[in-house]
Amino acid sequence: QELEKCEAPSLRLKGEETAAVLKALNGLFERTQGAARAKAVLWGLNEHELRIMSDAKVDQQAKTLTLEHVLPQKPKEGWRESWPDSTKWEDWCHRLGNLVLLNQKKNAAASNNIFIEKRPLLAKSPYPLTRELADNLRWSVAEVEAQQTRLLKLASRVWELQ
């Protein structure tokens with residue numbers, strides 16, 4: 001609480017630091033370290049959204065909280081319709097715009113399924129940023145790009161990265 005009241009300029013990011021954070025948020029979140037960072041970022045953004053909605057907090061559930069790739073790392077054949085260009089898939093698979101929080105059971109059920117099969121699982125998530133993706137009818141480059149832009153704007157606003 002004391003830290004929240006602190007207005008010390010040394011705690012504010014400088015221009016080049018802000019640019020570096022935004023660049024990292026817009027980059028890839030691969031492997032174990034990247035996944036841990038993506039979970040932390042998404043957890044913080046979901047908590048912000050929940051506070052706005054109801055003053056609730058995200059239960060981090062460290063043991064069961066997982067990172068789901070909406071477009072899977074190893075997509076089934078059904079994904080080719082929305083993602084015919086494999087280079088686009090490689091560009092977007094590990095970006096924040098394609099990542100959501102799910103508990104282990106729902107993540108296992110989502111597996112490498114096509115988006116229409118994942119939608120009901122996303123819709124039942126306690127995490128608002130995950131739930132909102134279920135409103136999409138499909139999950140293609142356009143939707144991932146839009147979600148990436150939305151998350152970067154949200155992070156910029158929440159963490160004052162202007």
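Colleague: Which residues does H69 touch, not counting residues up to four places away in sequence?

Modeller: H69 touches C93, H94, N98, L99 and K118, where contact means heavy atoms within 4.5 Å. Please note that this is a predicted model, in which local features need pLDDT of at least 70 and side-chain atom pairs count only at pLDDT 80 or more, while totals for chains, interfaces and linings use all residues. Residues are numbered from 1 along each chain as its sequence is written, and side-chain values use heavy atoms, with hydrogens and water left out.

Colleague: Where does H69 lie, and is H69 buried or exposed?

Modeller: H69 belongs to strand 1, residues 65-69; strands are DSSP runs of E with at least two residues, helices are runs of H or I with at least four, and both are numbered from the N terminus. Its relative accessible area is 11%, so H69 counts as buried. Buried means under 20% relative accessible area, exposed over 50%, and partly exposed in between, with a 1.4 Å probe and protein chains only.

Colleague: With which side chain does the side chain of H69 make a polar contact?

Modeller: With that of Q73, at 3.3 Å. A polar contact is a pair of N or O atoms within 3.5 Å; within protein, one must be able to donate a hydrogen and the other to accept it, and residues adjacent in sequence count only if both atoms are side-chain atoms.

Colleague: And K118, what is in contact with K118 beyond its neighbours within four places in sequence?

Modeller: The contacts of K118 are E68, H69, V70, P72, A110, S111 and N113. K118 sits in helix 6, residues 115-123, and is buried because its relative accessible area is 1%. A polar atom of the K118 side chain lies 2.8 Å from the backbone oxygen of V70.

Colleague: S111 is in that list. What is its phi?

Modeller: Phi of S111 is near 40 degrees, a positive value in a residue other than glycine. S111 is found in the loop between helix 5 (104-110) and helix 6, and is partly exposed at 37% relative accessible area. E160, in the segment after helix 8, also has a positive phi, of about 50 degrees, although it is not a glycine; E160 is exposed at 58% relative accessibility.

Colleague: Changing topic: what does S140 contact, leaving aside neighbours within four places in sequence?

Modeller: S140 is in contact with S82 and W83. S140 is in the loop between helix 7 (128-133) and helix 8 (141-158), and is buried with a relative accessible area of 5%. Its side chain and that of R138 are joined by a polar contact of 3.2 Å. S140 and W79 are 61 residues apart in sequence, yet 8.9 Å apart in space, C-alpha to C-alpha.

Colleague: Which residues line the second largest pocket?

Modeller: The lining consists of G78, W79, E81, S82, I114, F115, I116, L137, R138 and W139.

Colleague: Finally, how many helices and strands does the chain have?

Modeller: The chain has 8 helices and 2 strands, in the order α-α-α-β-α-β-α-α-α-α along the sequence. Of its 162 residues, 41% are buried. Among contacts with a separation of 6 or more, 69% are between residues 24 or more positions apart.

Terms used. On a 1 Å grid over the protein atoms alone, a cavity is a set of points where a 1.4 Å probe fits but cannot get out, and a pocket is an open set with protein on both sides within 12 Å along at least five of seven lines; lining residues have an atom within 4 Å of a point.
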